[in-house]
Amino acid sequence: MTEDHPDHPTRRALIASAAAGGLAISAGPAAAQRCPETPPPRVKGPPVWLDLDQQELDDAYDQSVYAFNMRNISERIAVRTKTALEVLGPPERVAYGPTEIEKVDIYRTKRANAPIMIFIHGGAWRGGRSANFALYAEVFVKAGAHCVIVDYNNALETNGDLFPMVDQCRRAVVWVYRNAASFGGNPGEIYLSGRSSGAHMGGCVLITEWEKQGLPRDILKGAALSSGMYDLKAVRLSKRSNYVKFTDEMEDALSAQRHLDKIHTPLVLAHGTLETPEFQRQTREFAAALAAAGKPVQLIVAKGYNHPEMGETFGNPYGIMGRAALQMMKLTTA
């Protein structure tokens, strides 16, 4: 089901859509908006991907070209994160692996045997730390769920290799499942969320063959991913290849859309209409592929939101992604 309006469907609609694996076609065209809206005139080069030349493709994977207010939103998030930490207190920081970065931040709710939301942050694969996203935890803690935010290396620290980053996110999920009871969580109610490159990581987590580790196939009961990348072919052709050392193996293995048979988790996917054309396409085509494969998926098209604005809505129980995630978990702030 596609929702092409600023708010969300009801919980009933969400559950029905997940059960049916349905997807409708969006009523209106994408409305990606560049900054400035009218770029300086230039001679268009030969197409590199679809009808995009190299500069257009590079711009389509550069959020600053389409989001004039990125710095403002970063400032807001920093202030709101500080406020959230004052309310929640510092998280319990626990290791899921041997290196210093391999830790999760656990924000506990007061509810016993509570559901768990695991959040994977974004940052273009080259930035961000778990400590920067405490504001997202407050939404879930107050609704009666534990929130676990994963820390993992970035591509600059892995010499351009995405495989170790995906492995870290997968191991973090395993740790949460095996240790949920230690912080009052229910291992049978674990959910996943992520945005941007964190949504890409989330997609890779979803195609993990958990059975090979002696774990339940449905270890994750649902996932809410915003503005992600689910096939790396176009990304590999963009300027992101300057710091990610793409290979044929990486492109194939870490493109969730190519491994739909391994996905056993109901999905909520979202993008804003003011995001770059590629981030809109990535989400739209992944949702369509899932629906065609009979997988439970809901697509939310949020009018008037750009990329960082979509991310910010995770930190609001009445925002696009905050509301969608709570509905997915059958939680409410009321």
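Biologist: How many aromatic pairs does the structure hold?

Modeller: The structure holds 9 aromatic pairs. Rings of Phe, Tyr and Trp (its six-membered ring) pair if their centres lie within 6.5 Å. This is a predicted model, where local features need pLDDT of at least 70, side-chain atom pairs count only at pLDDT 80 or more, and totals for chains, interfaces and linings use all residues. Residues are numbered from 1 along each chain as its sequence is written, and side-chain values use heavy atoms, with hydrogens and water left out.

Biologist: How are the planes of Trp125 and Phe246 set?

Modeller: Planes under 30 degrees apart count as stacked, over 60 as edge-to-face and the rest as tilted. The planes of Trp125 and Phe246 stand at 70 degrees, so this pair is edge-to-face. Their ring centres are 6.2 Å apart.

Biologist: Where in the chain do Trp125 and Phe246 lie?

Modeller: Trp125 lies in the loop between strand S4 (114–120) and helix H4 (134–143). Phe246 lies in the loop between helix H7 (233–237) and helix H8 (248–253). The pair therefore ties together parts that are 121 residues apart in sequence. Helices (H or I, at least four residues) and strands (E, at least two) are DSSP runs, numbered from the N terminus.

Biologist: Is Trp125 buried or exposed?

Modeller: Buried means under 20% relative accessible area, exposed over 50%, partly exposed in between (1.4 Å probe, protein chains only). Trp125 has 2%, so it is buried. Phe246 has 12%, so it is buried too.

Biologist: Which kind of pair do Trp175 and Phe183 form?

Modeller: Trp175 and Phe183 are stacked. Their planes are 5 degrees apart, and the centres are 6.3 Å apart. Both Trp175 and Phe183 are buried. There is also an aromatic cluster, formed by Phe119, Phe133, Tyr136 and Phe314.

Biologist: Next, charges. How many salt bridges does a search of the whole structure find?

Modeller: Start with the general idea. Side chains of opposite charge can pair when their charged atoms come close. A salt bridge here is a side-chain nitrogen of Lys or Arg within 4 Å of a carboxyl oxygen of Asp or Glu. The search of the whole structure finds 26.

Biologist: Which parts of the chain does the pair of Asp151 and Arg93 link?

Modeller: Asp151 and Arg93 meet in a salt bridge at 2.8 Å, N to O. The pair links distant parts of the chain, 58 residues apart. Asp151 is in the loop between strand S5 (146–150) and helix H5 (163–179). Arg93 is in strand S2 (residues 92–95). Asp151 is buried because its relative accessibility is 3%. Arg93 has 38%, so it is partly exposed.

Biologist: Where do Asp167 and Arg171 lie?

Modeller: Both lie in helix H5. They are 4 residues apart, about one turn of the helix. Asp167 is partly exposed at 37%. Arg171 is partly exposed at 27%.

Biologist: How far apart are Arg281 and Glu285 in helix H9?

Modeller: In helix H9 (residues 277–292), they sit 4 residues apart, about one turn. Arg281 is buried at 8%, whereas Glu285 is partly exposed at 35%. Elsewhere, salt bridges that share partners join Asp231, Arg236, Asp248, Glu251, Asp252 and Arg258 into one network.

Biologist: At what angle do the axes of H5 and H6 cross?

Modeller: Axes are lines fitted to C-alpha atoms, for helices over the stretch in contact, and angles run from 0 to 180 degrees between N-to-C directions. The axes of H5 and helix H6 (residues 197–206) cross at roughly 65 degrees and come within 9 Å.

Biologist: Which residues make the contact?

Modeller: Contact means heavy atoms within 4.5 Å. H5 gives Met165, Val166, Cys169, Arg170 and Val173. H6 gives Met201, Cys204 and Val205.
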